[in-house]
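Please consult the sequence and the structure alongside the text.

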Amino acid sequence: MTQNISGILPSLDWLGKIAKQDKTLQYNNLLHHINYELLSKAFYHLNRKASKGVDELSWYDYQKTLKQRLNDLHHRIASGVYKAKPVRRLWLEKANGEKRPIGVTAIEDKIVQQAVMFVLEPIYEADFLGFSYGFRPNRNAHNALDAVHIAICQRKVSWVLDADLKGFFDNINHQWMMTFLEHRIADKRILRLIKGWLKAGVVDGKVKHKTMTGTPQGAVISPLLANIYLHYVLDLWVNQWRKRHARGDVYIVRYADDFVIGFQYQSDGVILKEQLTTRLAKFNLSLNEDKTHLIEFGRFAISTRRKRKQTKPETFDFLGFTHICSFKNNSGEFKLHRVSIKKNLKRKLEEIKTKLMQTRHKSVYEVGRWVKSVLTGYFNYFAVPGNLASIKVMRTEVCKAWLKAIRRRSQKGRNFNWMRITRLVGLFIPHTRIRHPYPSQRFWL
């Protein structure tokens with residue numbers, strides 16, 4: 001998630017202020033902002049534990065002669081001889097058994113990309129629309145989830161289009177990407193840098209491949225480029241469509257390439273989905289038909305389906321949560337129930353169990369600190385109102401798995417009873433409690 005640079009680099013705030021005042025302004029002199037000071041700030045902004053790229057240099061390797069290296073890098077950028085290195089490709093296994101490519105960028109390319117991010121972010125923050133939440137300063141996934149909650153519970157939403165873009169990052173068209181950038185950026189030196197990163201190529205093992213489309217997932221600049229691309233392809237188009245063509249209310253919430261659209265009328269959903277398919281195809285994108293569904297969903301879905309003698313409303317998944325139409329027990333009032341996606345929770349548990357067995361011979365205190373960090377991160381995200389049962393399942397199953405792993409250490413480990421594990425639980429396992437306010441409380445802050 002990109003962080004807000006206000007306060008870190010207040011000298012660049014004026015770029016956003018001018019962009020907000022003049023939506024047609026093009027910036028033709030931005031490269032001079034990429035100086036030694038900005039490159040240094042960019043370097044210290046990077047993830048220090050990130051994997052090495054094709055240059056085989058870690059953050060700590062580069063730091064050893066930082067001043068000399070940054071001076072040389074700045075000179076190469078200013079003189080136009082800086083050239084992007086190809087991206088190292090790694091493969092991560094997905095839940096369905098498929099593998100997802102991740103790009104690992106060389107350290108100098110990360111530095112320059114982060115510096116360019118510092119310059120471009122305030123400009124595009126003035127342009128991006130309010131329903132876009134992914135990889136933006138002062139916004140996160142929970143803000144997007146809250147926006148969906150408010151739209152469904154308090155607005156005229158009776159139908160939901162749960163959309164999924166097929167291979168978005170791999171299918172970004174480079175020519176269209178540069179065209180979109182040129183709407184705001186007229187500095188050809190900045191455009192040349194970005195084009196160089198897009199065309200740098202990929203090294204997979206020992207084989208180098210040209211990159212004709214796409215931007216590497218994992219590259220520092222990719223989230224911003226993705227938001228710019230979808231701003232022009234999707235956001236502006238949907239915003240105009242709902243004003244000009246919709247019969248009823250239409251609400252959209254987008255987080256990176258994952259988005260949900262709520263409709264008052266089914267007909268609007270059917271027409272928009274059809275026209276959206278055509279719109280995306282123009283820009284080398286498509287909907288994943290297996291994961292894109294228009295479903296009856298909202299405050300009146302349960303009652304209207306009962307009248308038609310139909311089954312309960314379908315559910316949809318968004319940002320790690322399954323969204324379910326429900327009722328409050330006491331009042332019978334509509335409730336949007338959000339729970340951890342079961343298959344994801346199961347997969348996370350399996351990962352933790354595997355790790356516990358692999359590290360069972362290590363000190364229980366060392367393993368305990370690892371378990372604490374993992375569960376704290378998990379609870380910090382998933383402990384939303386209504387999801388306490390899933391959190392308790394996760395906590396209980398991890399405790400059982402830890403006890404099983406300890407008992408497998410040796411013959412003596414079999415004598416490790418539940419009472420002894422309870423002491424370790426008290427030391428390292430976070431308590432289950434709701435860690436987020438109700439959406440209506442946070443959304444209006």
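R279 is buried yet takes part in no salt bridge, and the nearest side chain of opposite charge, that of D235, is 9.7 Å away. Here, buried stands for a relative accessible area under 20%, exposed for over 50% and partly exposed for values in between, with a 1.4 Å probe and protein chains only. A salt bridge requires a side-chain nitrogen of Lys or Arg within 4 Å of a carboxyl oxygen of Asp or Glu. For charge, Lys and Arg count as positive and Asp and Glu as negative, while His and the chain ends are not counted. R279 belongs to helix α11 (residues 266–282); helices (H or I, at least four residues) and strands (E, at least two) are DSSP runs numbered from the N terminus. Leaving aside neighbours within four places in sequence, R279 is in contact with Y232, V233 and W237, where contact means heavy atoms within 4.5 Å.

The model is predicted: local features need pLDDT of at least 70 and side-chain atom pairs count only at pLDDT 80 or more, whereas totals for chains, interfaces and linings use all residues. Residues are numbered from 1 along each chain as its sequence is written, and side-chain values use heavy atoms, with hydrogens and water left out.

**Salt bridges**

In total, the structure holds 15 salt bridges.

| Pair | N to O distance |
|---|---|
| R76 and D72 | 2.9 Å |
| D127 and R184 | 2.9 Å |
| E397 and K400 | 3.7 Å |

R76 and D72 both lie in helix α4 (residues 66–79), and because they are 4 residues apart, about one helical turn separates them. R76 is buried at a relative accessible area of 18%, whereas D72 is partly exposed at 39%. In helix α15 (residues 388–407), E397 and K400 are 3 residues apart and therefore also separated by about one helical turn. Both partners of this second pair are partly exposed, E397 at 25% relative accessibility and K400 at 45%.

Salt bridges with shared partners join K23, D127 and R184 into one network. D127 lies in the loop between α5 (107–125) and α6 (141–154), and R184 in the loop between α8 (174–182) and α9 (188–198), so the pair ties together parts that are 57 residues apart in sequence. D127 is buried, with a relative accessible area of 12%, and R184 is buried at 1%.

What does H231 touch, not counting residues up to four places away in sequence? H231 touches D127, F128, L129, L236 and R254. H231 lies in helix α10 (residues 222–244) and is buried, with a relative accessible area of 3%. The C-alpha atoms of H231 and S132 are separated by 8.4 Å, although the two residues are 99 residues apart along the chain.

L30 is located in the loop between α1 (13–21) and α2 (36–45) and counts as buried at 1% relative accessibility. Not counting residues up to four places away in sequence, L30 touches L15, V119, L120, I123, I185, D187, R189 and I190. L30 and M117 are 87 residues apart in sequence and 12 Å apart in space, C-alpha to C-alpha.

**A sheet of mixed pairing**

An open sheet of 4 strands has the order β2-β1-β4-β5, with mixed pairing. At the edges stand β2 (99–104) and β5 (207–209), each with a single partner strand, so one side of each has no neighbour in the sheet. On average, neighbouring strands of this sheet are turned by 40° against each other, direction ignored; the axes are lines fitted to C-alpha atoms, for helices over the stretch in contact, and angles run from 0 to 180 degrees between N-to-C directions. Two strands count as paired if DSSP finds at least two bridges between them. Strand β1 (residues 87–93) and strand β4 (residues 202–204) pair in the parallel sense over 2 bridges. R88 stands opposite V203 in β4.

**Overall fold**

The protein chain has 17 helices and 11 strands. Of its 445 residues, 49% are buried. Among contacts between residues at least 6 apart in sequence, 71% join residues at least 24 apart. Along the principal axes, the C-alpha atoms fill a box of roughly 65 × 65 × 40 Å.
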